[in-house]
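Dear colleague,

I am handing over the structure below, together with notes on what I found in it. Please read the notes with the coordinates open beside you.

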Amino acid sequence: MGEATEIVEPAPAETPPPRRRIDWRTGKQTLCHPRSFWEEHERRRAASGLSISQYCEQHGLALSTLRRWSARLQGRGAGRTASSPREAKAPGEFGGLSAGADRARAERFRQ
């Protein structure tokens, strides 16, 4: 008779303990988890099919933090990166119009 084989899921990689810091706004102690902590939570959340808010509620995570990490891990991180710098505008230029064009338009409306 054949023996039943047990499928064992590999143990998650050990994540280093979170750093502790004092929030300068509130004076409260906060935990700073490493990237691997958030990668594992994002993987589990995606596998569960739960929304970010549902997952946070079930696991006691800060909604804003998981949203930020989720976006960061999916390449939609907040802020600009070095690969996508903001286009510089000439001094006095706003929205494709120069300051001179704005003045000329204002003069036409005054007449």
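In α3, the buried residues are Thr65, Leu66, Trp69, Ser70 and Ala71, where buried means under 20% relative accessible area, exposed over 50% and partly exposed in between, with a 1.4 Å probe and protein chains only. Helices here are DSSP runs of H or I with at least four residues, and strands are runs of E with at least two, both numbered from the N terminus. This is a predicted model, in which local features need pLDDT of at least 70 and side-chain atom pairs count only at pLDDT 80 or more, whereas totals for chains, interfaces and linings use all residues. Residues are numbered from 1 along each chain as its sequence is written, and side-chain values use heavy atoms, with hydrogens and water left out.

The cover over the buried residues of α3 includes α1 and α2 (52-59), contact being defined as heavy atoms within 4.5 Å. The axes of α1 (residues 35-48) and α3 come within 10 Å and cross at roughly 90 degrees; these axes are lines fitted to C-alpha atoms, for helices over the stretch in contact, with angles running from 0 to 180 degrees between N-to-C directions. On the α1 side, Arg35, Trp38, Glu39, Glu42 and Arg45 meet Thr65, Leu66, Trp69, Ser70 and Leu73 of α3.

Gln74 lies in the loop between α3 (63-73) and α4 (99-110), and counts as partly exposed because its relative accessibility is 42%. Leaving aside residues up to four places away in sequence, Gln74 touches Glu42 and Arg45. Gln74 and Glu42 are 32 residues apart in sequence, with their C-alpha atoms 9.7 Å apart in space. Just after α3, Gly75 takes a positive phi of about 80 degrees.

Elsewhere, strands β1 (residues 19-22) and β2 (residues 29-32) pair in the antiparallel sense over four bridges, pairing requiring that DSSP find at least two bridges between two strands. Arg21 has Thr30 in β2 as its bridge partner. The two strands form a hairpin with six residues between them, and Gly27 in the turn has a positive phi of about 80 degrees.
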